[in-house]
Amino acid sequence: QLEAVGGLVKALKQEALVLVTLYSPFMCAGHTASRELLVRHFEQDPDAVNQGLRIITDSLLSFVRECVRLGVDGFYASTQGGEAGTSRRDLGVLLGAIPPAQREAIVLTTTRGLSVAEAVHRLEVLADSGLHWIEEPTLADDHAGHAQIRSRTRLRIQMGENWWGPHEMARCLAAGGSDLGMPDAMKIGGVTGWQRAAALADAAG
């Protein structure tokens with residue numbers, strides 16, 4: 001994985017930001033086993049599971065430090081809908097290993113079904129964590145909801161992964177639902193859709 005990161009930095013550093021996706025130790029453990037099995041083991045032998053999570057954490061921090069050395073621009077920290085306090089603790093550990101210049105960390109709340117009120121609460125918990133933006137804290141097509149969240153939080157909102165065409169992007173921008181945009185190349189409509197999206201972004205400032 002580090003070899004791939006180094007290759008991307010070397011090939012693309014002058015053309016684009018290079019961000020590395022990171023998952024929490026609990027999520028990494030869940031990917032190795034299953035979430036259900038992990039929870040069951042935690043109930044049966046919490047000390048052993050905690051030791052395993054500490055080992056995973058140390059490995060992740062070594063990976064983060066090496067990515068910084070290789071020259072990545074930042075990290076995409078995926079919470080996968082984690083409980084707000086846990087997300088803050090995970091990010092505190094992660095950000096402690098990253099120099100301020102590389103703290104282009106992003107939280108991805110993949111529940112994407114959070115109510116506006118719950119999204120605002122979670123974002124306020126994370127507001128002083130050093131994050132640059134939050135991606136899709138509520139339903140992707142709830143542009144009015146995202147506009148409300150924007151007006152009630154100090155963190156910037158990023159949309160775009162689930163814009164199905166430039167028309168969807170235009171509706172989001174018109175509603176005031178996004179500070180930043182990162183369209184998916186396929187969903188936005190390929191090269192032509194991307195060019196139209198760029199024009200919309202330029203017009204929106």
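Histidine 132 counts as partly exposed because its relative accessibility is 30%, where buried means under 20% relative accessible area, exposed over 50% and partly exposed in between, with a 1.4 Å probe and protein chains only. The model is predicted, so local features need pLDDT of at least 70 and side-chain atom pairs count only at pLDDT 80 or more, whereas totals for chains, interfaces and linings use all residues. Residues are numbered from 1 along each chain as its sequence is written, and side-chain values use heavy atoms, with hydrogens and water left out.

**Histidine 132**
- Histidine 132 sits in the loop between helix 6 and strand 4 (133-135), with helices (H or I, at least four residues) and strands (E, at least two) taken as DSSP runs numbered from the N terminus.
- From histidine 132 to glutamine 158 the separation is 26 residues in sequence and 9.7 Å in space, C-alpha to C-alpha.

**Serine 178**
- Serine 178, in the loop between helix 8 and strand 6 (180-181), is buried, with a relative accessible area of 10%.
- The serine 178 side chain reaches the backbone oxygen of leucine 180 at 2.4 Å and the backbone nitrogen of methionine 159 at 3.4 Å.
- Leaving aside neighbours within four places in sequence, serine 178 is in contact (heavy atoms within 4.5 Å) with Arg150, Ile157, Gln158, Met159, Trp163 and Cys172.

- Outside the four places on either side in sequence, tryptophan 163 is in contact with residues including Glu168, Met169, Cys172, Ser178 and Ile188.

**Helices 3 and 4**
- The axes of helix 3 (residues 35-44) and helix 4 (residues 46-70) come within 5 Å and cross at roughly 125°, the axes being lines fitted to C-alpha atoms over the stretch in contact and the angles running from 0 to 180 degrees between N-to-C directions.
- Leu38, His41, Phe42, Glu43 and Gln44 in helix 3 meet Pro46, Val49 and Asn50 in helix 4.

Note on methods. A polar contact is a pair of N or O atoms within 3.5 Å; within protein, one must be able to donate a hydrogen and the other to accept it, and residues adjacent in sequence count only if both atoms are side-chain atoms.
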